[in-house]
Amino acid sequence: MDMKRSYYEDIRLFPSCVTVFWAVVLLAFLLAYPFLFKNYYVYMANYIAINIIVVVGLNLLVGYTGQISLGHAGFYAIGAYATITLMSLAGFPFLAALICAGLIAAAFGFLLGLPALRLEGPYLAIATLGFGVTITTIIGRIEMLGGRQGLHAPDLVIMGYPLDTDRQFYYLVMIITVLLVLFARNVTKTKVGRAFIAIRDAHIAAETMGVNLVLYKTMAFALSAFYAGVAGGLYAFVLRFIEPGLFSLFLSVFFLTMAVAGGLGSVMGPIAGAIVLSFLDLQLRNILSIPYVGDWLRHLSASYFSLTGVSNIQFIVFGAILIAIMLFEPLGLYGLWIRTKKYWKTWPF
Amino acid sequence: MIDFLQMIISGIAVGSSYALMALGMVLIYKASEVPNFVQGEMALLPVFIAYMIIHSYGQSVFAAFFGALAFAMLLGCLLEFIVVRRAKNPNILGLIIITIGLEMVLLGFVSWKFGADQRVMPFPISSYSSVMFGGVYISILDLLTLVAALVIMTGLFFFFRFSKLGVAMKATQQNETAARLMGIRTNRVKMITWGISATVGTVAGLLLAPVFMEPYMMWDPMLKGFAAAVIGGMTSLPGAVFGAYIVGIVEHLFGGYVSMEYKAVVAFAVIVLVLCVKPSGLFARHYVKKV
Amino acid sequence: MKNTLLGLLLCAALVTGFAGAANAEVGVTDTEIHIGQWSPQTGPAAPWGAVARGTDAYFKWINANGGIHGRKLIHHYFDDAYNPAKTIAGVKQLQEQTGMFAWASGVGTACGLAVKDYLMENRIPWVGPSSGSRHWVDPPQKYLFNVYPLYLGDAQLLTEYAITEMGKKKIAVVYQEDDYGKQGLEGARYMLKKHDMELAEAVPVAITDTDMRPHAMRLRQAEADTVLLFVTPGHVARVLGTAKAMKYEPQWMSTTTCGDFPLMIAITKGLYEGVITASFGMMDPTGNVGEVENINNPKHELMAKYKKEVFEQFAAEDERWGYTFTAGIGFVEPLVEAIRRAGRDLTREKVVAELEKMENFQGIMGRINYGPFDPQDPHCRIGQQEIFLQQCTADGASKILTEWETTKFIPKSE
């Protein structure tokens, strides 16, 4: 939030020594994480990290370029299926397959970007939504891809070293996540990123200034799809089993929710959104085990609602949290953070 | 030939329930500029309330349906008044997330209250009886839905043209600031629009419920209604109904002649094609944003 | 070579570890046995959540009656909303934080497949997945015991009955586009091939689709006289209603999934009368063929007892005494029996050994048989292969059509 005095100051990865310090602390924490927590939390970290990749990619499209996508589960599915198929049928090593899967997803992103050139708002929403649901239907029809019965992921070996536990997989996921997040952060500071922002803020003005709309809009779609594709490839190995039903419209909606509730147009926002909402998504099922609250909810259900449906409180809580975030701060969690920071900086004045 | 006609008629029949959802969607888009993901659940809750009125309080079906429609009106107004209006400098994405949040809350509430059991709504007309025109069947329930969709569309048309409130709504949609300067309470107008939209959606829900009821019953019609509204241009009431019939007929012809597997998604492919040619749908003027 | 060495070392470590604490099996204490289960309590698949609640009530009843050899069964079930990512999360959390002795049932093929490797690698017994998928037994797993008769079997028996007993000529299948539907289709094709017949029509149903008019029309065009429905109860209600409105009324047949006649007759407003479904228990056809029974039948002593003692005392007030709930009891009966037989000195290996010895065990479902583990032979883990056919009457009772019939397992390649 400080005043920037030169261009180089703006594009620096670490604006100050303090950030270097915190980055080092964060890295050390990430390194030590699997040793500090039980295996279950490592699985959860993997799951969250993968969501971070998707949401950071989605943010490049939604937050920076101002396009809307309700079809990211489609790219995610393409990435997952492409990775497994390339490995088991074409014998690719994992990393090569993962990158190829990302590129295949990017190609689809480019194709989806073409009709998107003329669309905006609800029109674009429904077009991308259609893409997402169509992709899973098509995949479900291809017997080579296991159809609706799904596919098992092959064993994962990297450079002769097998990765078959969550802890081993963790480091791979984290390295990829950190690299992709840094890449996204840097892209936003380049010519490409500036072009994205210009398109978001006023696309006609941007075009008159010489920004090639066709190039940059399709590029945003492709880049965002690449992220989703890579994440999908990793997801296939976290679950070790995929089937088309996983990649439903609800997933696309969930991705968009994480991006928007986190805070569009920043890098930290989507990360915060992915962490908070994925954590809630995984943990809200335990809401009835919370002491006192759980008993009270059960009591309430028995008197006024139904005991068999008591788990649905999860939806109410999740929905209410979403509404609360958006009502109090349109910029999402990131906006809240900025406001808090500003407040304390000038405190007590 | 009979088969072809049957497909067209069936397509129109299913299109009618999409049309009702689409009408609700368009009303809200015109008022609040948000693709309303809570449209389905705004109808779901009243439908379950109707079920409760019949089963727990032993009232007649007509009383229950009337109660449901009144409740829907109230629910729509409340959602706008309590939640949507409170959004600070809303952008379209923020509003979408708010409607998704509302969708989850209402869906969670219905599933919590009523459980996941499958059930079915009592209805004065048997949902399995049908009439036949020259070898083409149409069930009476479908016929009723068709009539309801057309009547509501016409009703809304006249409402917007001739009633004071309708004109005020149109004014609010066209230019909110100017409307407020003319003494229209735009907030109240918006609130009522939400109420009307929920009521229209509830009509669709009540006509679907005699066949099957569960908490997720409105999701698919809502999506198809959204698709139909987009084809029609998102701001045009006749466009929405027309779009809904296109979606219904295309689905049925495709399912009958080409492939049943892709029937559920073919509508979206059609939309992408339509939008490639007319980026703002068939019935809306394409506004180019000024710099 | 390196791997073998590692494996040996690991085994050695495990052996020494176990030697150090002979009786300390995970999930077993002096007074408790922890058993886990997942099921969708929310989301579109929530109607199947009653399976876990049935198991829960059953365990509570066992505990109220003194538990098993002085230990109480502690049941941990969680909601996964039919989302495999959440199933993994929940299974790992319970397994690693609390420690489960075994896993019972668990709804959903995809959800089960997502955790199968994890459970098998950790040698944790898992009994009675609540779906009839071939994935559970082909290839067989040492610690995975199937109870649910495979969908393949339902399709075979229904097709056979339609052809030989009812003399039907044109058989069509409506199938959901997943494991359940596809295996039903396969079973029907297999049986038709045996009789040198062709399928009249196969109509796929997308799970999210709510408009069944084109499907009903396809069936009518094909002039099928018998239609096998491998879809959910909701889709059955819609297909039957739509077809009826088109004045098309073939002999409808369906699976155990849609065998809850009181429910089906209610949601189809009476259209379900005359529909034939397969059934895996809750009634006893032995000697009763031709008679009318229902789920509250006092003649089936075990069911009557469960209703009075388990359901009425331990189920939630708004619970329904239906097939899903009772299936939750039936799926775990073999596990409970094996734990009982294993005695006070409880280990996983002992339970597995007791399960393998199980012969013609009968609870409220058909007879259950396991055998010593043989990686080549799925039969050692299938458990129940018996089903019978029942027909729905106007008031939702079942007319028993056949004796228990043993169905044939069809391997993947055939």
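In chain C, strand E6 (residues 171–176) and strand E8 run parallel and are joined by 5 bridges. Strands here, at least two residues long and labelled E, and helices, at least four residues of H or I, are DSSP runs numbered from the N terminus, and two strands count as paired if DSSP finds at least two bridges between them. This is a predicted model, in which local features need pLDDT of at least 70 and side-chain atom pairs count only at pLDDT 80 or more, while totals for chains, interfaces and linings use all residues. Residues are numbered from 1 along each chain as its sequence is written, with chains lettered from A and ligands numbered from 1 in the order in which they are written.

Back to the strand pair: Ile171(C) sits opposite Thr226(C) of E8(C). E8(C) also pairs with strand E9 (residues 251–254) of chain C, in the parallel sense and over 4 bridges; there, Val227(C) faces Trp252(C) of E9(C). What about burial? A residue is called buried if 20 or more other C-beta atoms lie within 10 Å of its own, exposed if 12 or fewer do, and partly exposed in between, with C-beta atoms placed from the backbone. By that count, 5 of the 5 residues of E8(C) (residues 226–230) are buried, so the strand is largely enclosed by the rest of the structure. In a regular strand, side chains alternate between the two faces of the sheet. Both faces of E8(C) are covered, with Thr226(C), Leu228(C) and Phe230(C) buried on one side and Val227(C) and Leu229(C) buried on the other.

Elsewhere in chain C, 5 strands make an open sheet with parallel pairing, in the order E2-E1-E3-E4-E5. Its edges are E2 and strand E5 (144–145) of chain C, each of which pairs on one side only. Strand E1 (residues 32–39) of chain C runs parallel to E2(C), and 8 bridges join the two. Along this pair, Trp38(C) has Phe78(C) of E2(C) as its bridge partner. Helix H3(C) lies across E1 and E2 of chain C and runs at about 170° to E1(C). For such angles, axes are lines fitted to C-alpha atoms (for helices, over the stretch in contact), and the values run from 0 to 180 degrees between N-to-C directions.

Another open sheet in chain C has 3 strands in the order E12-E13-E14, with antiparallel pairing. Strand E12 (361–362) and strand E14 (383–384) of chain C are at the edges with a single partner strand each, so one side of each has no neighbour in the sheet. E12(C) pairs with strand E13 (residues 367–369) of chain C in the antiparallel sense over 2 bridges, and Gln362(C) stands opposite Arg367(C) of E13(C).

Taken as a whole, chain C has 14 helices and 17 strands. Its radius of gyration is 22 Å, close to the 22 Å that the globule rule gives for 414 residues, so chain C is as compact as a globular protein of that length. (The radius is taken over C-alpha atoms, and the rule is 2.2 Å times the number of residues to the power 0.38.) Of the 414 residues of chain C, 58% count as buried. Chain A holds 15 helices and 4 strands, and buried residues make up 52% of its 349 residues.

Next come the contacts between chains, where two residues are in contact if their C-beta atoms, placed from the backbone, lie within 7 Å.
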